[in-house]
Amino acid sequence: MDSKDDIEIKAAEIISSQIEDIQSQYTDEEYRRLRRKVDKYLLPLMFLCHGLQSVDKACIGTQATFGLREDTGLVGQQFSWLTTIFYIAYLLFELPSMMLLQRFPMGRVLSLYIVLWGFAVLCIGFARDFAQLVALRALQGLFECCISPGFILIVGTWYKTREHAARALVFQVGFAGVGTFFDLTAYGIGSVSYKHPGVESWRYMSFCLGSLTILAGALCMFLLGTPSEVRWLSPDEKKMATARILDNNTGHDTTGTKHWKWEQVRECLADPIFWFAGLNGFLGSVPNGGLTAFSAILNTTFGFTNLQAVLLNLPKYAVIVPYFALVGWATMKKNTLRMWLMMVSNIPPFVGFILIAILPNEPQYKWTKWGASLMTVTFIIPTFLAWSIIPSNVGGRTKRTVIMAFSFLGYCSGNMVGSQIFLAKDAPRYVPAIIACAGCLGLQMLVVLMWRTVLVMRNKRRDQSTRELDVSEEDRVKLGKELGEKDCTDLENPFFRYAT
């Protein structure tokens, strides 16, 4: 709990940086014009790259229905290990890669990683056996590990707290846009194998996705980055971009870049938010890991052909895009809805998984089971919104980096577990795995409720302390900005307020 003495001491130590004067140099219209320019340059690019990441790692499931397992001689749990090894590499290189993002130009590091992961995906098309596949999937996990957290950190350097969730959801829904393109392409490629049985169509899927990813990474070299890095802003616009986000109380894109602060790491370990972020990432990713590898396979077990299974993904995208838009609009309008939406979004998937588990694989139920699988598409919302909450709710560059990395550690661990609980002996229905996915979503709702309760209680305590000190709202905001510019953490900054 923050005492009045602590607040007075920190307030007395503040050295005025004339933040108000910096912000007042620009008009609201100039800020809006800058935001539109940033949206135009960054969001389509991140939409494409994040969509490619989601499709690239999930493509293995579609490829399995087009002969990957047979052509490379996979047996037993070897196919599951292609997803597990991806997330093992993702996990091992997560924190080192995040440290690289802090110490070097973020845009350049991310662009290099995108190009290299593109080459890994491309080379999967040449693989002949399990050893080659598992090595390439490990490299793919290594190079994809910092893309999602890196994009979230970039959003935090450009946008106000109120805008974080909506902007993050714009690029996170990229999997629907890129997925639609890929599924139509995969349908065309797969159709060739029906006319020419000797064609190993799954290889050409890798060639297509890998080439596109390499081109996207090359484009990022010129356009992606933080306000201080990009070339498409004038010096005055860079200054304006920095001034625009000072209200976040988390500093700007160069705050805290020179030193790794171990005291902020220690603070993480004592902060329950750190553990909530990791646990949320784990629980939400167990079903993700399973569906990444087995979604297409499950559709074929319902009674559909592999080509039909590809086309049946399209309605899922038609559902998720408007739902993402609705969630983004709601979080822009009210900054206290994020965590409620995280909980609500898990209810349809929970019901959907239960229906898939209890209904038999008989012809009269195949469309019902497909409808149940359609209900599961919103389960990704709690994970995606949690990622946007971190830059909004965590002060201190090192602390923010560590919590983001730990959240993705949970994400990787959950995906590894999710891919392994689908056991070959449980085929074709995989009932134990489906029930486990439902259980994880139920537990995730409980974790989010506890997480929100902690944040609401902190805000109430700080509001009470501020009133006792007779600090006006205007002064509280100003003091919060100044402490944020000094790279203070959210716990060190008594004027910080959490978004819920």
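**Aromatic pairs**

I started with the rings, and a search of the whole structure gave me 28 aromatic pairs. The pairing rule I used takes rings of Phe, Tyr and Trp (its six-membered ring) with centres within 6.5 Å, and planes under 30 degrees apart count as stacked, over 60 as edge-to-face and the rest as tilted. This is a predicted model, so local features need pLDDT of at least 70 and side-chain atom pairs count only at pLDDT 80 or more, while totals for chains, interfaces and linings use all residues. Residue numbers run from 1 along each chain as its sequence is written, and side-chain values use heavy atoms, with hydrogens and water left out.

I looked up Phe274 and Trp275 next: their ring centres are 4.9 Å apart and the planes sit at 85°, so I noted the pair as edge-to-face. Phe274 counts as buried because its relative accessibility is 5% (buried means under 20% relative accessible area, exposed over 50%, partly exposed in between, with a 1.4 Å probe and protein chains only). Trp275, at 45%, is partly exposed.

Then I checked Phe294 and Phe422, which form a stacked pair with 4.9 Å centre to centre and 10° between the planes. This pair links distant parts of the chain: Phe294 is in helix α15 (residues 272–302), Phe422 is in the loop between α22 and α23, and 128 residues separate them.

**Nonpolar core**

Which residues have the most contacts inside the largest nonpolar core? I found Phe79 and Trp158, in a core of 141 residues. Helix α3 (residues 28–65) gives the largest share of this core, 13 residues. A core here is a set of buried Ala, Val, Leu, Ile, Met, Phe, Trp, Tyr and Cys residues joined through side-chain atoms within 4.5 Å.

I listed what Trp158 touches, leaving aside residues up to four places away in sequence: among them are Val38, Leu42, Pro227, Trp232, Arg244 and Ile245. Contact means heavy atoms within 4.5 Å.

Back at Phe79, I saw Arg69 lying over the face of the ring, 5.7 Å from its centre. The test for a charge over a ring is NZ of Lys or CZ of Arg within 6 Å of the ring centre and within 35 degrees of the ring normal.

**Around α23**

I went to the loop between α22 (397–420) and α23, where Pro428 is found. The peptide bond from Ala427 to Pro428 is cis, with omega near 5°. Tyr430 is placed in the loop between α22 and α23, and I noted its positive phi of about 55° although it is not a glycine. Tyr430 counts as buried because its relative accessibility is 7%.

Gln444 is in helix α23 (residues 431–468). Is Gln444 buried or exposed? I have it as buried, because its relative accessibility is 0%.

**Cysteines**

I searched the whole structure for disulfides and found zero (a disulfide is a pair of cysteine sulfur atoms within 2.5 Å). The sulfur of Cys145 has its closest cysteine sulfur in Cys146, at 5.0 Å, which is too far for a bond. For Cys268 the closest cysteine sulfur is in Cys488, at 15 Å, so that is too far for a bond. Cys145 is buried, at 0% relative accessible area, and Cys268 is buried, at 0%.

**Two last look-ups**

Glu492 lies in the segment after α24 (473–485). I noted Glu492 as partly exposed, with a relative accessible area of 26%. The C-alpha atoms of Glu492 and Glu267 are separated by 9.8 Å, though the two residues are 225 apart along the chain. A polar atom of the Glu492 side chain lies 2.9 Å from the backbone nitrogen of Thr489.

Leu219 is in helix α12 (residues 201–223) and is partly exposed, at 41%. I have its C-alpha at 9.7 Å from that of Val115, 104 residues away along the chain.

Conventions:
Helices (H or I, at least four residues) and strands (E, at least two) are DSSP runs, numbered from the N terminus. A polar contact is a pair of N or O atoms within 3.5 Å; within protein, one must be able to donate a hydrogen and the other to accept it, and residues adjacent in sequence count only if both atoms are side-chain atoms.
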